[in-house]
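I opened this notebook to keep track of what I looked up, one topic at a time. The entries follow below the structure.

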Amino acid sequence: MPAPPPDARSQTAQVVAVEPCGDDAILLRVRPADSLSPVRASRFFMLRREDGLSPLIPRPYSVYRDHGGELEFLVKVMGRGSQALAKTRPGEQLRLIGPLGNGWPTLDGDGPPWVMLAGGVGSAPFLMGIQQALAGMDGASACRPDQLWYLFGAATAGLLYDLDAFEATGVNVRTATVDGSHGRTGNVLQLLDELQERGELPREVRLLACGPEPMLEAVEHLARERGLACWLSLETLMGCGVGICNGCPVPTVPDGPLGSWSNAKCCVEGPVFSVEAVTLAGV
Ligand SMILES: Cc1cc2nc3c(=O)[nH]c(=O)nc-3n(C[C@H](O)[C@H](O)[C@H](O)COP(=O)(O)OP(=O)(O)OC[C@H]3O[C@@H](n4cnc5c(N)ncnc54)[C@H](O)[C@@H]3O)c2cc1C
Ligand code: FES
């Protein structure tokens, strides 16, 4: 049975800063009581307030930035859990459980370009992903900035959260919005097609994607059709976050790398899965 990661723990964290970001999100910076080792991009923490304002079940959030001693989260304010986090003030205490999950695969600089497809707040696991790829991961060769493409899509310009921070990394950044208020009009897959048709990107690329489920289904479909290596970071609803409640099932590919189980647990086996292992679209 998959178990929670050995470095995960439950502890308090002090809120250091809460800043608005884009039309409906916040950047929440916290200082955990105990120091943490550097966190791999696309791992996550469960977060809640301890004063009764948060729902009982904490909510999962990807690490957006790791400042060494302080962690920053990009939180889209939606329901009770995120609204409670948005109301915190510097000096207040939160419950922080993690780091949880696996994180992106090793992003090496040896093969085809990496194309990161982000939809809205699905951008959260990518800023550190880019930084870690540029620095070199797990002893693999580091990526050059021109080997990394970040395609950021959203409904409107105001939902392209913290775009300047991505542009400051020096990698190729392109945007698409449904209403045409920034970048190409349309979605990130149309943007990818356009870049390939114009010859700016080769046909063979390695895909990483995080965003709303319909977008991830379309990315999975494209990867299967074209035989592309592809990893999805899933934002499945979660209960416990540590493998106990069975609240985060993800359908597996029959007889794929995850064996004969029909579902994987997103919290302990993901949130990042290769499309060889799981299927949102159904195979
Ligand atoms: C591994 C992981 C990492 C995540 N990282 C981030 C992150 O970095 N930043 C961020 O803002 N969010 C992230 N999420 C999603 C976040 O956990 C949810 O949005 C959060 O649970 C919302 O809680 P809430 O109480 O505010 O909303 P709720 O009251 O729980 O929900 C409000 C509304 O949003 C819908 N909803 C809630 N969660 C989701 C979801 N995941 N997908 C689609 N619809 C949903 C509900 O059905 C409801 O309609 C992540 C999720 C996972 C599993
Ligand atoms: S959230 Fe409980 S098992 Fe995954």
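**Entry 1: Thr177 and its strand**

I began with Thr177, whose place is in strand S10; strands here are DSSP runs of E with at least two residues, helices are runs of H or I with at least four, and both are numbered from the N terminus. I noted that this is a predicted model, in which local features need pLDDT of at least 70, side-chain atom pairs count only at pLDDT 80 or more, and totals for chains, interfaces and linings use all residues. Residues are numbered from 1 along each chain as its sequence is written, chains are lettered from A and ligands numbered from 1 in the order in which they are written, and side-chain values use heavy atoms, with hydrogens and water left out.

Is Thr177 buried or exposed? At 0% relative accessibility Thr177 counts as buried, because buried means under 20% relative accessible area, with exposed over 50% and partly exposed in between (1.4 Å probe, protein chains only). Leaving aside neighbours within four places in sequence, I found Thr177 in contact (heavy atoms within 4.5 Å) with residues including Ala154, Leu160, His182 and Arg184.

**Entry 2: the sheet**

I then followed the open sheet of 7 strands, which has the order S11-S10-S9-S8-S12-S13-S16 and mixed pairing; two strands pair if DSSP finds at least two bridges between them. Its edge strands, each pairing on one side only, are S11 (184–185) and S16 (272–274). S10 (residues 172–177) runs parallel to S11 and is joined to S11 by 2 bridges, and Ala176 stands opposite Arg184 in S11.

**Entry 3: aromatic rings**

How many aromatic pairs does the structure hold? I read 8, where rings of Phe, Tyr and Trp (its six-membered ring) pair if their centres lie within 6.5 Å, and planes under 30 degrees apart count as stacked, over 60 as edge-to-face and the rest as tilted. Tyr150 and Phe152 form a tilted pair, at 5.3 Å centre to centre and 55° between the planes. Tyr150 is buried, with a relative accessible area of 0%, and Phe152 is also buried, with a relative accessible area of 0%. Ring pairs link Tyr64, Trp104, Phe126, Tyr150, Phe152 and Phe166 into a cluster.
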